[in-house]
Amino acid sequence: MKAIALLSGGLDSTVSLAYALSQGYEVVPLTMHYGQRHSRELQSAKAVAKHYGLAHHVFIDLDLSSFRTSALISKDVDVPMKRDAAEIGNDIPVTYVPARNIIFLSIAAGLCESEGADAMFIGANAIDYSGYPDCRPDFFRAFERTLQVGTKAGVEGHAPTIEHPLLYLTKADIVRLGKKLNAPLELTWSCYSGGAKACGKCDSCLLRLKGFEEAGYKDPIDYEG
Ligand SMILES: [Zn+2]
């Protein structure tokens, strides 16, 4: 069994990749460089792949800098800071990258066909999901159907499946699963800012810190202040 694992270098994608390995898949990590404001998480992705000895790590450059509305890409849009849990997930935040998972899964599907892989793993999460529409179960079901009708592998009856092992887990559950799988959580980077240390104030840092706290573990990475 072979799988493509989308690996951003964040907590969720690292645990998702660790899960794929635990299920016996031969894993090819796939990391996108899409014009993020900072490249800090790419270093984490490389470190995670190296940790697992996954030498065949695919990087794809995608210039999405024309997508001007996303705070993760445009320096003109500020990343929201210090929002409380009720605010996060209440709406679709400015950190939403237009159609990101549609784009990423399409590329992962192409790589699946190219590599002869059976599945693609994505660390999406519908519980503490920050309000992103392309992290919902409906989206993944619809996309699987798209792969069945829109790829050669699909027409031949073996479309790659979309595996989203974290979809129904809380952030605390994801931390617990990562610990259980002995995933290198200390190598991961979740912060939307690209400083030397994580900011501890953006939505991604706040969700991560809350997850570690609820799981009863100390987050092994450094935070500002
Ligand atoms: Zn942060």
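Which strand does β1 pair with in the parallel sense over three bridges? That is where I would like to start, and the answer is strand β4, residues 119-121. Before going further, please keep in mind that this is a predicted model, in which local features need pLDDT of at least 70 and side-chain atom pairs count only at pLDDT 80 or more, while totals for chains, interfaces and linings use all residues. Residues are numbered from 1 along each chain as its sequence is written, and side-chain values use heavy atoms, with hydrogens and water left out.

A word on terms: helices (H or I, at least four residues) and strands (E, at least two) are DSSP runs numbered from the N terminus, and two strands are said to pair if DSSP finds at least two bridges between them. Buried means under 20% relative accessible area, exposed over 50%, and partly exposed in between, with a 1.4 Å probe and protein chains only.

Let me stay with β1 for a moment.

The chain gets from β1 to β2 through helix α1, residues 11-22, in a β-α-β crossover that is right-handed, a term used if, with the strands pointing away from the viewer, the path from the first strand over the helix to the second runs clockwise. Across this pair, A3 has V27 as its bridge partner, and L6 has L30.

On to β2, residues 26-33, where six of the eight residues are buried, so this strand is largely enclosed by the rest of the structure. Four bridges join β2 to β3, residues 58-61, again in parallel, and here L30 has V58 as its partner.

L30 and I4 come up again in the largest nonpolar core, where they are among the residues that touch the most other members of a set of 40. Such a core is a set of buried Ala, Val, Leu, Ile, Met, Phe, Trp, Tyr and Cys residues joined through side-chain atoms within 4.5 Å. The helix α3 gives the most to this core, with six residues.

Finally, the zinc ion. Its protein donors, meaning N, O and S atoms within 2.8 Å of the metal (3.2 Å for Na, K and Ca), with water not among the atoms, so that sites may look incomplete, are the SG atoms of C191, C199, C202 and C205, lying 2.3 to 2.4 Å from the ion. The four donor atoms subtend angles of 102 to 119°, which makes the arrangement tetrahedral, since for four donors that requires all angles to lie between 85 and 135 degrees. In sequence, the donor residues follow the spacing C-x7-C-x2-C-x2-C. C199 and C202 are buried, and C205 is buried too, with a relative accessible area of 1%.

Methods:
Four donors count as tetrahedral if all angles lie between 85 and 135 degrees; four count as square planar and six as octahedral if opposite donors are over 155 degrees apart and all others between 65 and 115; anything else is irregular.
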